[in-house]
Each structure stands twice: as C-alpha cells, then as structure tokens.
Amino acid sequence: MASTIVSETIAGLPKQLAPTDDQWSTTVEQCKLPKTVREIALKELREDENTREQCLLAFRQWILKNPDIQNVDIESTFLLRFLRTKKFSLPMAQQLLLKYLNLRQKYPMYFTNLDCLNPAVNDLIDAGYMFVSPFRDNHGRRVIIGSAKGFDLQKFTSKDLGLTHMVTYETLLNDEVNQVMGFTHIGDLASISPAYITLFTPNEFATLIKWGEQSLPMRHKAIHWMNVPTPIKFAYDFFQTRLSSKINGRMKVYSSLSELHEDIDKKVLPKEYGGEMPIAEMIKLWKKELLAGREKVLALDKMRLLSDKNIITRKTRTEQNQSLVTGFNQLSGSFRKLEVD
C-alpha cells in the first residue's frame, strides 16, 4: 500500500521537483510515536515507516526548490502536521502548507506574534477562556476547553481572542501524538451574549472560520457545545454554515452537564464540570506547557509566502474545469468539422 501512496504523491510533483535516487536514500529521523499510536496512524492516516520517510524527503525538496516560499521549517515534526492532516497525500499537504502561510500573512493580527507571555493572552488563559486538560480522553486526544465567561468584552479585543486560540493550537501541534490522535473541543457558551458578535465584521468572521478549517493542519475529531443561549442561536447557525459537512457532523450541543458526561469521561473535565482537578490547577499545568513550547511557536514568524499564485481554491478549480470543458468542446467541434469535410 505504501508504494501506491508514494506513487500518487510523486505524480503530483513537477518532474523537476521529483526526488532523485540519491535523495530517496537519504535517511530521516526515526518515528517518535509510541507503538499504539503508530497502529492508529497506519489505520487512519496510511502512515508507515516507508511512506513517512519518502513523503518527508519529497516535501523537503519541494519546499527548498519552491520560489514562492521562504524560511519554511523543514523539521519532521512541523511537516508531519500537514502530511498527517492530509493522510500523506503530498500534493494536498503542499496546498495546506501554502494556505496556512497565506492565512498567517492575510491576518497577521491573529496569527503572528504568538506569545503566551503577551499580557492579554496570559490574562485570558488565567480567566479560563481557553486552556487544555492535562488528561487525554478515552480516544487518546487532548481536550481543549473554553468558557465564554472568561472573555470580558470591556477588557479584551478580537485580536486577543485570535492570539489565544492560535497560541493554544500551535503549542499542541508541536506534539506528534496530538497530530495523529486529533483534538476534542469543549465550549461553554453560558454567559455569551449578542454583543460578542460585534468583535468581528460578518465578512471577517465568515472568512476566518472557513479559511481556518481549510488552512490549519489540525484533526478536529469532536466538538461539544454546552449552554448555547437562545439569543445567539442565529450566530451559531451561521457559524455552522461556514463549516464543512464533516466538521458539522462532529459537533454536538448539550443542554446539561449530565448530558455531556454521557459522551465525555469526567476525568478530563475540571472539578467545576464534574471532574477531579480544579480549573486553576489545570491552567497552571497548561501554562507550563505553553512556556516550554514558546520559542518554537514564536519562530514560526520567520516563514514567508512570497506569492499565492499556486494556491488552488474552489475558484481556480472552477476555472480549470471550465477550461477543460472549453477544450473538449473545441476538440469535439474539430472532429465534427472533419466529419463534415
């Protein structure tokens, strides 16, 4: 199976970028995943030693020879987040990387200068707006917990919100086990009000949600919402329309904590939500993780996208398809003319 996957990925490379025999023989880092996680990676992502090694080498060659990008990290841990998200389809992983870089540059206020020591970010984490449980759920996933009551509209801005989310995500993605197992999200919207909607313009909100799903190399496996207030249901419905059917199928809304406990192991939850460890203690442990990964996350700002001309969007796909149809029609017309002649 591995050879088939590699052949498919190499087929997506221009001939001049395809790795040579010498490049194929270059060794890469040994797999860092525990055995049980390797088995899941093989089953769900088609990842084995041969596929991972060959795709990494081809990905690196493509990056080093690509004039549209600059200073992109070619360490295995960074590149594997894209390959794993796209199940080792190299062309799709390349597109994801380009879209990721594009998103960071289009919205630098939310995606750059990701410093966990930023006072606003630090305050939002302390307030419990967003933190990560130190325990994995029954599926082996890290659990990202958010609470709207931790976001004070009088104190924080949309920029503070975006930075807090991205500091969280980028830190988690540095762990290869997380890349494979994916993430569970739990959000408590009990105190949210229509005023929160004014943080973003409708167009910006829609773009960030849609581009975020398409551009961030994350495996969102389950999303649990609690206490969605009726006054903001229209915003929640709009939010859903911007997401893919796959993500929508993984979202669930709960009206009570007891309902959530039916799907989520209590051990991953804070004491305040039926678990054993208080929120304050979870936040303290999470902040240690953030500090440990701080330099690596900040270093992401060195990367540059010099041109977005090779990013394939739905629009460019449509244009390509129309071009093919036109070509076929012209070809068909030529044959008809030949028949008449």
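What is the handedness of the crossing of α5 and α6? The crossing is right-handed. Keep in mind that we're looking at a predicted model here.

**Two helix pairs**

Let's stay with that crossing for a moment. Two packed helices are described by the angle between their axes and the distance between the axes. Here are those values for two pairs in this structure.

| Helix pair | Residues | Angle | Axis distance |
|---|---|---|---|
| α5 and α6 | 76-85 and 90-106 | about 120° | 8 Å |
| α8 and α9 | 119-126 and 158-173 | about 70° | 9 Å |

With angles of 65 to 115 degrees counting as roughly perpendicular, α8 is therefore roughly perpendicular to α9. The angle of about 120° between α5 and α6 makes that pair oblique instead.

So who does the touching? On the α5 side you'll find F78, R81, F82, L83 and T85, and they meet L90, A93, L96, L97 and Y100 of α6. Sorted by class, that contact has eight nonpolar residues, plus one polar and one charged.

Over at the other pair, α8 brings A120, V121, L124 and I125, while α9 answers with D160, L161, L163 and T164. The class count for this contact comes to six nonpolar, one polar and one charged.

**Further along α9**

Helix α9 also holds T171. Is T171 buried or exposed? With a relative accessible area of 10%, T171 is buried, because anything under 20% counts as such. Leaving out residues up to four places away in sequence, T171 touches W286, E289, L290 and V297.

**Aromatic rings**

Now for the rings. How many aromatic pairs does a search of the whole structure find? The search turns up eleven. One of the pairs is F200 with F205. A pair of aromatic rings is described by the distance of the centres and the angle of the planes. For F200 and F205, the centres are 6.3 Å apart and the planes make an angle of 45°, so the pair is tilted.

The two partners land in separate accessibility classes: F200 has a relative accessible area of 15% and is buried, whereas F205, at 26%, counts as partly exposed. The cut-off for buried is under 20%.

F200 and F205 also belong to one aromatic cluster, together with Y107, Y110 and W211.

How values were computed:
Residues are numbered from 1 along each chain as its sequence is written. This is a predicted model: local features need pLDDT of at least 70, side-chain atom pairs count only at pLDDT 80 or more; totals for chains, interfaces and linings use all residues. Side-chain values use heavy atoms; hydrogens and water are left out. Axes are lines fitted to C-alpha atoms, for helices over the stretch in contact, and angles run from 0 to 180 degrees between N-to-C directions. Helices (H or I, at least four residues) and strands (E, at least two) are DSSP runs, numbered from the N terminus. Angles under 35 degrees count as roughly parallel, over 145 as roughly antiparallel, 65 to 115 as roughly perpendicular and the rest as oblique. A crossing is left-handed if the near helix is turned anticlockwise from the far one by less than a right angle, and right-handed if clockwise. Contact means heavy atoms within 4.5 Å. Ala, Val, Leu, Ile, Met, Phe, Trp, Tyr, Cys and Pro count as nonpolar, Asp, Glu, Lys and Arg as charged, and the others, Gly among them, as polar. Rings of Phe, Tyr and Trp (its six-membered ring) pair if their centres lie within 6.5 Å; planes under 30 degrees apart count as stacked, over 60 as edge-to-face and the rest as tilted. Buried means under 20% relative accessible area, exposed over 50%, partly exposed in between (1.4 Å probe, protein chains only).
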